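Student: Hi! Could you walk me through this structure?
Tutor: Happy to, let's look at it together.

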Amino acid sequence: MLTGTDLSFRWSRRGPWILHEHAIEVAPGEVVGLRGPSGSGKSTLAAVLAGLQRPASGTVLVDDEPLASFTGASPVQVVLQHPDRAMNPRWTIREVLAEALPLRRREALVRVDEIVAEDWARHGLVNPDWLGRHPHEISGGELQRVNLLRALCAEPRYLLADEISASLDAITQTVLWHRIEHEVKSRRIGVLAVSHDSALLEQVADRIVDFRTP
Ligand SMILES: Nc1ncnc2c1ncn2[C@@H]1O[C@H](COP(=O)(O)OP(=O)(O)OP(=O)(O)O)[C@@H](O)[C@H]1O
């Protein structure tokens with residue numbers, strides 16, 4: 001179980017509290033929808049749960065262990081709304097993906113092509129032609145899918161998907177969520193799907209939590 005308890009957070013010492021004693025749980029093999037208005041603090045909660053931001057108080061446990069106690073790739077991977085901010089602009093897409101795999105660099109570079117060819121290209125989610133390009137040489141929606149693949153390459157126990165399909169057309173959105181559902185069923189990863197799109201969350205989530213503003 002991914003468990004956030006009594007989480008309080010503000011971006012600056014005098015700023016407003018974005019999280020105040022917030023709690024959230026995501027079980028393995030479960031998709032939880034996190035819904036709330038724009039600017040309410042959903043992405044902030046995801047960033048705290050992923051360990052990207054430290055809460056002023058509260059704890060994040062991953063299967064009963066403190067998140068901070070994990071070494072190597074984090075068991076909680078987050079796919080951000082603005083994927084361009086999360087990638088080294090000098091790396092090719094192949095290098096970005098290879099870096100996430102728990103393999104040596106040379107093997108990882110080969111494995112990336114296999115994963116894309118065997119699976120992601122077949123579903124039309126990632127095109128092998130993108131692998132030699134840099135992040136700014138593919139579209140925002142394409143980058144979003146690359147970023148999802150990168151997060152899954154790290155073999156997370158929990159995936160925090162922050163508005164990951166907002167920039168995609170309806171068909172690609174459906175294919176992408178089928179892909180996530182496959183990961184949930186086959187690897188029992190737990191997913192927190194963050195969105196203000198209630199209709200989408202009702203389709204993809206097992207249960208929906210409304211973000212509570214402090
Ligand atoms: N890096 C930052 N520094 C200061 N304030 C921030 C930062 N990031 C977000 N905020 C503020 O924190 C609040 C919550 O933002 P957050 O991005 O968590 O909302 P959200 O619910 O995810 O919104 P959206 O649905 O529009 O993405 C907002 O008022 C936002 O302006």
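Tutor: Let's begin with helix α5 (residues 170-187): its 18 residues reach 26 Å from the first C-alpha to the last, close to the 26 Å expected at 1.5 Å a residue. The expected span is 1.5 Å times one less than the number of residues. Helices (H or I, at least four residues) and strands (E, at least two) are DSSP runs, numbered from the N terminus.

Student: What kind of model is this, and how are residues numbered?

Tutor: This is a predicted model, where local features need pLDDT of at least 70, side-chain atom pairs count only at pLDDT 80 or more, and totals for chains, interfaces and linings use all residues. Residues are numbered from 1 along each chain as its sequence is written.

Student: Okay, back to α5. Which residues are buried there?

Tutor: Leu176, Trp177 and Ile180 are buried in α5. Buried means 20 or more other C-beta atoms within 10 Å of the residue's own, exposed means 12 or fewer, and partly exposed is in between, with C-beta atoms placed from the backbone. Seen down the axis of α5, its buried residues fall within an arc of 95°, so they line one face of the helix. That arc is taken over the directions from the helix axis to the C-beta atoms.

Student: And what covers the buried residues of α5?

Tutor: The cover includes α4 (140-153), β8 (190-195) and α6 (198-204). Contact here means C-beta atoms, placed from the backbone, within 7 Å.

Student: Which exposed residues sit on the face turned away?

Tutor: Ile171, His178, His182, Lys185 and Ser186. Just after α5, Arg188 takes a positive phi of about 55°.

Student: New topic: what is the order of the five-strand sheet?

Tutor: That open sheet runs β6-β7-β8-β3-β9, with parallel pairing. Two strands pair if DSSP finds at least two bridges between them. The edge strands, β6 (76-79) and β9 (207-210), each pair on one side only.

Student: How do β3 and β8 pair?

Tutor: Strand β3 (residues 31-35) and β8 pair in the parallel sense over five bridges. Val31 stands opposite Val191 in β8.

Student: What about the sheet of four strands?

Tutor: This open sheet has the order β2-β1-β4-β5 and antiparallel pairing. β2 (19-26) and β5 (65-66) stand at the edges with a single partner strand each, so one side of each is left without a neighbour in the sheet.

Student: Which residue in β5 is the bridge partner of leucine 61?

Tutor: Pro66 is the bridge partner of Leu61. Strand β4 (residues 57-62) and β5 pair in the antiparallel sense over two bridges.

Methods:
Two residues are in contact if their C-beta atoms, placed from the backbone, lie within 7 Å.
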